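Hi everyone, thanks for coming. Please have a look at the sequence and the structure on the screen, and then I'll walk you through some parts of them.

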Amino acid sequence: MRKKNKTQPALLVADGGSTKTDWCLLTPETGRIHFRTRGLNPVMLGLRELCGILQTELLPPLASHLQISGRDLSVHYYGAGCLPSVCRKMEEAITTTVPNSSARIYSDLLGAARALCGHEAGIACILGTGSNSCRYDGTNIIQHVPSLGYILGDEGSGTALGKRLIADWLKGLLAPELTRLLNENTGWNETDIIRKVYREQEANRFLASFTPFLAAHRTHPDIHRILTDCFRAFFERNILAYRSEQLPVHFVGSIATIFHEELEQTAETYSIKIGLILQDPITRIADFHLQEADNNDRMKTF
């Protein structure tokens, strides 16, 4: 990062999911500093809960690197659940908790599109705890099949995979060796599962927590069937709607990264070309805002 005046605002960029939020702080003195907090989905969490997580998990690492007191901080937050109806709540949580800050809130889908496609056209997808997708023209999202969340949608996501695994387990549809392993590894019965899914908070995260089990047994025919069925649903209920066979389909997220082989195999059955797969888009999103800041500085010199 090139040297600039010390009074220049620092940049803080975030990629927020339901499970985790990745942050990248950019200052002339420190360059890029990365850290992580819990997920901050404003649809799932209230203002007090959002502020509490920011207070306990964001402020300590932020304060240790922002050593110039009184420096303004420009925050660009891309997040799951950042619908227009709740963006104001997310903005208030940040500006109330973080001193001298201003905040702009965007959907995680726009962040994925900027990270994956840059200024090129393409289909940008998120496959993590939740799922989402859009058609991007190099500047804007021009078509979007709604995600609808983990009850009505989120096909192919960690939540959807976990939901399918648990349902097959409790309905007796899994091979005996898988049932035995789940019983031994979790110690839960049907009553426990029903309570965790229907009565406790953040059921989506609980369902997605079965991802390591799926990964460990991915070659088992029953698990392979779950993976391909869920990815097939993602393509059929989302990607085929864009009707853009020539455009590459890019992915960000842990599920796309972990199960990239099964994802690519499923895509082949629909003649879909898989492009870039990133586990975390935060670095590329930070590049975007750093370039914008540099361009704005150059414009001010004219």
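Helix 1 (residues 47-65) and helix 2 (residues 84-97) pack with their axes 9 Å apart and at an angle of about 40°. This is a predicted model: local features need pLDDT of at least 70, side-chain atom pairs count only at pLDDT 80 or more, and totals for chains, interfaces and linings use all residues. Residues are numbered from 1 along each chain as its sequence is written, and side-chain values use heavy atoms, with hydrogens and water left out.

A few words on terms. Helices (H or I, at least four residues) and strands (E, at least two) are DSSP runs, numbered from the N terminus. Axes are lines fitted to C-alpha atoms, for helices over the stretch in contact, and angles run from 0 to 180 degrees between N-to-C directions.

So what do we call the angle of helix 1 to helix 2? Helix 1 is oblique to helix 2; angles under 35 degrees count as roughly parallel, over 145 as roughly antiparallel, 65 to 115 as roughly perpendicular and the rest as oblique. Their crossing is right-handed; that is the word if the near helix is turned clockwise from the far one by less than a right angle, and left-handed if anticlockwise. On the helix 1 side, L47, L50, C51, L54, Q55 and L59 make the contact (heavy atoms within 4.5 Å). Helix 2 brings K89, M90, E92, A93, I94 and T97.

Let's stay with L54, which lies in helix 1. Is L54 buried or exposed? With 2% relative accessibility, L54 counts as buried; buried means under 20% relative accessible area, exposed over 50%, and partly exposed in between (1.4 Å probe, protein chains only). Not counting residues up to four places away in sequence, L54 touches W23, L40, L59, A93, I94 and T97. And how far is L54 from H260? They are 206 residues apart in sequence and 32 Å apart in space, C-alpha to C-alpha.

Now to another pair of helices. The axes of helix 10 (residues 221-237) and helix 12 (residues 260-268) come within 9 Å and cross at roughly 55°. That makes helix 10 oblique to helix 12. From helix 10, the contact uses H224, L227, T228, F231, R232 and F235, and from helix 12 it uses E262, L263, Q265, T266 and A267. Helix 10 passes helix 12 in a right-handed crossing.

Next, the rings. A search of the whole structure finds nine aromatic pairs. One of them is F206 with F210, an edge-to-face pair at 5.6 Å centre to centre, with 85° between the planes. Rings of Phe, Tyr and Trp (its six-membered ring) pair if their centres lie within 6.5 Å; planes under 30 degrees apart count as stacked, over 60 as edge-to-face and the rest as tilted. F206 is buried at 13% relative accessibility, and F210 is buried at 5%. There is also an aromatic cluster, formed by F234, F235, F251 and Y270.

Another ring to look at is Y106. The charged end of R114 sits over the ring of Y106, 5.5 Å from its centre; the rule is that NZ of Lys or CZ of Arg is within 6 Å of the ring centre and within 35 degrees of the ring normal. Y106 is also touched by G79, along with G16, S107 and D108, not counting residues up to four places away in sequence. G79 lies in strand 4 (residues 73-79) and counts as buried, at 1% relative accessibility.

N100 sits in the loop between helix 2 and strand 5 (101-107) and is partly exposed, with a relative accessible area of 42%. E202 is not a glycine either, and its phi is positive, about 55°. You'll find E202 in the loop between helix 7 (190-198) and helix 8 (203-208), partly exposed at 27% relative accessibility.
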